[in-house]
Amino acid sequence: VDIIGLDMYDRTYVGQTRVQPPLLQTYLNDPNSGMLFVRDFARAHRKPMGISEWGLSSKHVPGVNPDNTLFIQKMVEFVRANNLSYANYFEDDSNYRHRLMLHYPQSAALYKRLLAQ
């Protein structure tokens, strides 16, 4: 194993909260698969970390806005703070709407601004 990786999508499922900040905490802090768990596992094994796929998604319970700028901001912050080897935004619509530049105008504008910094 050369790199420890994961994928991360902004999705909600039946039974999950519609409030996105607590959901982001779950993505970060889940003790078995959260981003901090994976980061710490990689560090403990002296391996770099990468995110093979990440992105927004149209897969949500009713009432959730999929144009989630908070998710974009927090993902970029995580990548920068943890010196990842790579983080690939999944710009494809093969199963759900993931294409940032096509479907999520507020998030796309924020992503462009963050990458320009």
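Apart from its neighbours within four places in sequence, Gly 55 is in contact with Met 8, Tyr 9, Asp 10, Phe 71 and Tyr 89, where contact means heavy atoms within 4.5 Å. The structure is a predicted model in which local features need pLDDT of at least 70 and side-chain atom pairs count only at pLDDT 80 or more, while totals for chains, interfaces and linings use all residues. Residues are numbered from 1 along each chain as its sequence is written, and side-chain values use heavy atoms, with hydrogens and water left out.

Gly 55 belongs to strand β2. Helices (H or I, at least four residues) and strands (E, at least two) are DSSP runs, numbered from the N terminus. With a relative accessibility of 0%, Gly 55 counts as buried; buried means under 20% relative accessible area, exposed means over 50%, and partly exposed lies in between (1.4 Å probe, protein chains only). Between Gly 55 and Asn 88 there are 8.5 Å in space, C-alpha to C-alpha, although the two are 33 residues apart in sequence.

The strand that holds Gly 55 is part of an open sheet of three strands, in the order β1-β2-β3, with parallel pairing. Two strands pair if DSSP finds at least two bridges between them. Strands β1 and β3 (86-89) stand at the edges with a single partner strand each, so one side of each is left without a neighbour in the sheet. On average, neighbouring strands of this sheet are turned by 15° against each other, direction ignored. The parallel strands β1 and β2 are joined by seven bridges; Gly 5, for example, has Gly 50 in β2 as its bridge partner.

A helix accompanies the sheet. Helix α3 lies across β1, β2 and β3 and runs at about 170° to β2. For such angles, axes are lines fitted to C-alpha atoms, for helices over the stretch in contact, and the values run from 0 to 180 degrees between N-to-C directions.

A nonpolar core is a set of buried Ala, Val, Leu, Ile, Met, Phe, Trp, Tyr and Cys residues joined through side-chain atoms within 4.5 Å. The largest such core has 25 residues, of which Met 8, Ile 51, Trp 54, Phe 71, Ile 72 and Leu 100 touch the most other members. At least two residues of this core come from each of β1 (4-10), α1 (20-29), α2 (35-44), β2 (49-56), α3 and α5 (105-116). The largest share, five residues, is supplied by α3.

Rings of Phe, Tyr and Trp (its six-membered ring) pair if their centres lie within 6.5 Å; planes under 30 degrees apart count as stacked, over 60 as edge-to-face and the rest as tilted. The rings of Tyr 27 and Phe 71 have centres 6.0 Å apart and planes at 80°, so this pair is edge-to-face. Tyr 27 lies in helix α1 and Phe 71 in helix α3, so the pair ties together parts that are 44 residues apart in sequence. Tyr 27 is buried at 12% relative accessible area, and Phe 71 is buried at 0%. Trp 54 and Tyr 89 also form an edge-to-face pair, with 5.1 Å from centre to centre and 80° between the planes. This pair links distant parts of the chain, since Trp 54 is in strand β2 and Tyr 89 in strand β3, 35 residues apart. Trp 54 is buried at 2%, as is Tyr 89 at 15%. Together, Tyr 27, Trp 54, Phe 71, Tyr 89 and Tyr 111 form one aromatic cluster.

Charged side chains complete the description. A salt bridge is a side-chain nitrogen of Lys or Arg within 4 Å of a carboxyl oxygen of Asp or Glu, and by this rule there are three. One joins Asp 40 to Arg 39, with the closest N and O atoms 2.8 Å apart; Asp 40 is partly exposed at 37%, whereas Arg 39 is buried at 18%. Another joins Glu 77 to Lys 74 at 3.4 Å between the closest N and O atoms. Both residues lie in helix α3 (residues 69-81), three residues apart, about one turn of the helix.
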